[in-house]
Amino acid sequence: MKRILLPFGSDSADDAPVAAAAALAQRHGSRITAMFCPRLPDPVIVDPMSGGVVSYDGLDGELETHRDAAVARIRERIAACDPPMAADTVNVDMSAISNWRQVGEAARVHDVSLYTRSKDNPHWQTLFEMALFEGGRPTVLIPEQWERPFGDVVGIAWNHSTETARVVALAMPILRAASRVIVITVEGWVHAGPGGDALVDYLASHDIEVELKAGPGGGNPGTRSLDIAAEAGVDFLVKGAYTQSRLTQMIFGGATRIILDQAQIPVIFAH
């Protein structure tokens with residue numbers, strides 16, 4: 001895990017997970033790219049002479065002002081990290097992408113990207129899902145105001161699914177670096193596929209110290225997984241994202257939705 005993407009914008013420079021990225025980089029010897037993601041201001045200007053085509057004339061100066069303020073803030077937060085980050089550990093990139101919708105493309109050449117769940121930033125989930133669905137790499141969701149190291153005790157929310165198998169494979173460096181790995185299963189939360197014992201055996205074959213913690217069903221399996229993780233002292237959870245469709249989860253709820261909304265520890269997702 002050598003390359004970490006830390007997207008930030010004019011509306012997220014204050015809550016981008018700088019401390020979490022620094023902690024992850026320290027654990028894995030990684031390099032961080034803090035990448036500015038420009039977002040066009042609302043409302044945009046429609047040019048009536050162009051047949052309804054949106055015109056951004058006159059906004060360049062405003063966008064540049066927003067960018068400069070966000071970059072100054074992110075540099076300030078990086079400088080305040082404790083312990084300090086080495087100069088060659090982090091690069092602030094102001095020009096790699098021209099629109100925040102390209103963050104998924106940028107994520108494709110990084111091992112992982114980090115996002116904060118933020119009640120003050122209405123766009124955090126849009127940015128997170130762009131990377132999740134378009135990046136092809138894992139995304140890490142950090143709770144608000146998380147400042148602690150993480151990754152010492154790693155839990156895997158195992159439901160036998162393809163999505164979870166994929167994130168386990170992509171998270172192997174995290175699993176190998178942990179002092180404890182716990183496979184979490186919930187009764188009744190299963191798809192066709194190998195059970196928790198089979199995953200334990202697989203990870204053990206990779207020389208990973210691992211144990212199984214099975215919990216009873218009842219309620220949402222996302223809530224139950226978080227409860228088991230808390231009881232076991234897990235500080236970093238591995239989770240496959242959206243085994244059910246996003247529409248189904250929006251209407252009926254689902255484990256991914258619950259964990260996105262409620263997790264009090266960092267969670268690494270892949271779809």
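**Close-up views of cavities, pockets, core and strands**

**View 1. The second largest cavity.** Ser 10, Phe 36, Pro 38, Arg 39, Leu 63 and His 66 form the lining of the second largest cavity. The model shown here and in every view below is predicted. The space in this cavity comes to about 30 Å³. By class, three of its lining residues are nonpolar, two are polar and one is charged. Two cavities of 30 Å³ or more occur in the structure.

**View 2. The largest cavity.** The largest cavity has a volume of about 150 Å³. Its lining counts 19 residues. Nearest the centre lie Pro 7, Ser 12, Asn 121, Trp 124 and Leu 127. Strand 1 (3-8), strand 6 and helix 4 (124-134) each contribute at least two lining residues. Strand 6 gives the largest share, three residues. The lining divides into ten nonpolar, six polar and three charged residues.

**View 3. The second largest pocket.** About 180 Å³ is the volume of the second largest pocket. Twelve residues line this pocket. Phe 36, Pro 38, Arg 67, Ile 97 and Ser 98 are the ones nearest its centre. Phe 36 and Pro 38 also line the second largest cavity. Helix 2 (residues 60-79) gives the most to the pocket lining, with three residues. Six of the lining residues are nonpolar, three polar and three charged.

**View 4. The largest pocket.** The largest pocket holds about 620 Å³ of space. Its lining has 33 residues. Val 18, Ala 19, Ala 20, Cys 81 and Glu 147 lie nearest the centre. Helix 1 supplies the largest share of this lining, eight residues. The class count is 19 nonpolar, four polar and ten charged.

**View 5. The largest nonpolar core.** The largest nonpolar core has 88 residues. Phe 8, Leu 114, Ile 156, Leu 175 and Leu 203 touch the most other members. Helix 1 (residues 18-28) provides the largest share of this core, seven residues. What does Leu 114 contact, leaving aside its neighbours within four places in sequence? Ile 4, Leu 5, Leu 6 and Pro 7 are among its partners. Pro 17, Ala 20, Ala 21 and Leu 24 are also in contact with Leu 114. Val 140 and Ile 142 complete the list.

**View 6. Ser 113 in strand 6.** Ser 113 is part of strand 6 (residues 112-116). Is Ser 113 buried or exposed? Its relative accessible area is 1%, so Ser 113 is buried; the cut-off for buried is under 20%. Beyond its neighbours within four places in sequence, Ser 113 is in contact with Leu 5, Ala 107 and Ala 131, among others. Its contacts also include Pro 138, Thr 139 and Val 140.

**View 7. Strand 12 and its two partners.** Strand 12 (residues 267-270) is covered on both faces. In a regular strand, side chains alternate between the two faces of the sheet. Here Val 267 and Phe 269 are buried on one side. Ile 268 and Ala 270 are buried on the other. Strand 7 (residues 139-142) runs antiparallel to strand 12, and three bridges join them. Leu 141 stands opposite Val 267. Strand 11 (residues 236-240) pairs with strand 12 in the parallel sense, over four bridges. Here Leu 237 has Val 267 as its bridge partner.

Note on methods. Residues are numbered from 1 along each chain as its sequence is written. This is a predicted model: local features need pLDDT of at least 70, side-chain atom pairs count only at pLDDT 80 or more; totals for chains, interfaces and linings use all residues. Side-chain values use heavy atoms; hydrogens and water are left out. A nonpolar core is a set of buried Ala, Val, Leu, Ile, Met, Phe, Trp, Tyr and Cys residues joined through side-chain atoms within 4.5 Å. Buried means under 20% relative accessible area, exposed over 50%, partly exposed in between (1.4 Å probe, protein chains only). Contact means heavy atoms within 4.5 Å. Two strands pair if DSSP finds at least two bridges between them. On a 1 Å grid over the protein atoms alone, a cavity is a set of points where a 1.4 Å probe fits but cannot get out, and a pocket is an open set with protein on both sides within 12 Å along at least five of seven lines; lining residues have an atom within 4 Å of a point. Grid points are joined across faces, edges and corners, and a volume is the space filled by probe spheres set on the points. Ala, Val, Leu, Ile, Met, Phe, Trp, Tyr, Cys and Pro count as nonpolar, Asp, Glu, Lys and Arg as charged, and the others, Gly among them, as polar.
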